[in-house]
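Here are a few friendly notes to read alongside the model. Please keep the structure open as you go through the points.

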Number of protein chains: 2
Amino acid sequence: METLRLDDFLPFRLSYTSNLVSGAIATAYQRLFGLSIPEWRLVAVIAECDGTTQAAICARTGMDKVTVSRAAIALGKRGLIARQPSASDRRAFELGLTDAGLALYAEVAPKALELERQIFGGLGAGEATRFLATLRRIDMILGGPAAD
Amino acid sequence: METLRLDDFLPFRLSYTSNLVSGAIATAYQRLFGLSIPEWRLVAVIAECDGTTQAAICARTGMDKVTVSRAAIALGKRGLIARQPSASDRRAFELGLTDAGLALYAEVAPKALELERQIFGGLGAGEATRFLATLRRIDMILGGPAAD
DNA sequence: CGATTACGGTTACAAATGATACGATATCGG
DNA sequence: CCGATATCGTATCATTTGTAACCGTAATCG
């Protein structure tokens, strides 16, 4: 019989490493830009897709809608994003980066890529690519047909 | 210039998938055994290594010491683990599974392996192995020389 | 030894996170 | 149209999670 060793138990290992990475990222963003991880994610999504709504961000990132709401309010207060009432749906806001937000993004994005390179650059040639592909497969197994 | 896409950004992807897996595991354990993830981890570690202390569990699993303390107290109250004052260090407890704890573990461990198989069994032949190896490499990059 | 410092574990407190309920609008069925 | 139901975002509340202070004990150093 196959015995259980926590060190080799994939769900544990995955959580462990994810916490390590998230912690490193979180402290870096907090220190450099005063952004929490949810806030940084909002900025990134809005930069990629101007005019999205909070609900769309939830669907895309898996974040809770209240987490997104709080991050949006915080970013709005800091003048980094603008929240325009949607014309087609008066319940929703269309989110966009302000000039300040764009300026911040211009700083944050390269830093993000650099952090990624610092952490994952040490992996072998195809290793990072395979790793990402495996993560996506796991998403599909768990999330059903979703996963982008 | 290499552009940033959140969907391909490894720190995000890793966190996303980890949350998915942890969520699935957490609900299963809660429903089947009334165990939180920290509690389940304690049971697993103690089963593997009878007589460990809480500090050792922290070092091994990366959990916060107060999380471990709470889980230990809860498991003690449920009669699943025994906490014997250590002979060599009167501050520490040596943790061991009671008969009830052993019985629970005999149920939990196979279920854990089954869950792991359900989630990761769909991966290709060497894929899970490579995935685990990559996780360990990331741990080493971030955690310095540690990582077991 | 005696004092200082470090460590194991708990407690008390603060921050973050998620579940629930709500107001407002939108959509659907009759 | 109008009522029932679903959705967007927010606010409230409970739970979880981490941080800082604490009590004992151990180890270190003069």
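1. On the surface near DNA strand D, H4(A) gives the most, with five residues. Near means that a residue's C-beta atom, placed from the backbone, lies within 6 Å of the strand. Helices here are DSSP runs (H or I, at least four residues), numbered from the N terminus.

2. A word on provenance: this is a predicted model, where local features need pLDDT of at least 70, side-chain atom pairs count only at pLDDT 80 or more, and totals for chains, interfaces and linings use all residues. Residues are numbered from 1 along each chain as its sequence is written, while chains are lettered from A and ligands numbered from 1 in the order in which they are written.

3. DNA strand D is surrounded by 18 residues, and Gln54(A), Ala55(A), Ser69(A), Ala92(A) and Arg90(B) are the closest. Two or more residues each come from helix H3 (54-61) and helix H4 (65-77) of chain A, and from helix H4 (65-77) of chain B.

4. Do look at how helix H2 (residues 37-48) and helix H5 (residues 99-120) of chain B meet: their axes come within 11 Å and cross at roughly 105°. The axes are lines fitted to C-alpha atoms over the stretch in contact, with angles running from 0 to 180 degrees between N-to-C directions. H2(B) and H5(B) are therefore roughly perpendicular (65 to 115 degrees).

5. At this crossing, Trp40(B), Val43(B) and Ala47(B) of H2(B) are in contact with Gly101(B), Leu104(B), Tyr105(B) and Val108(B) of H5(B) (C-beta atoms, placed from the backbone, within 7 Å).

Methods
Parallel < 35°, antiparallel > 145°, perpendicular 65-115°, else oblique. Contact = placed C-beta atoms within 7 Å.
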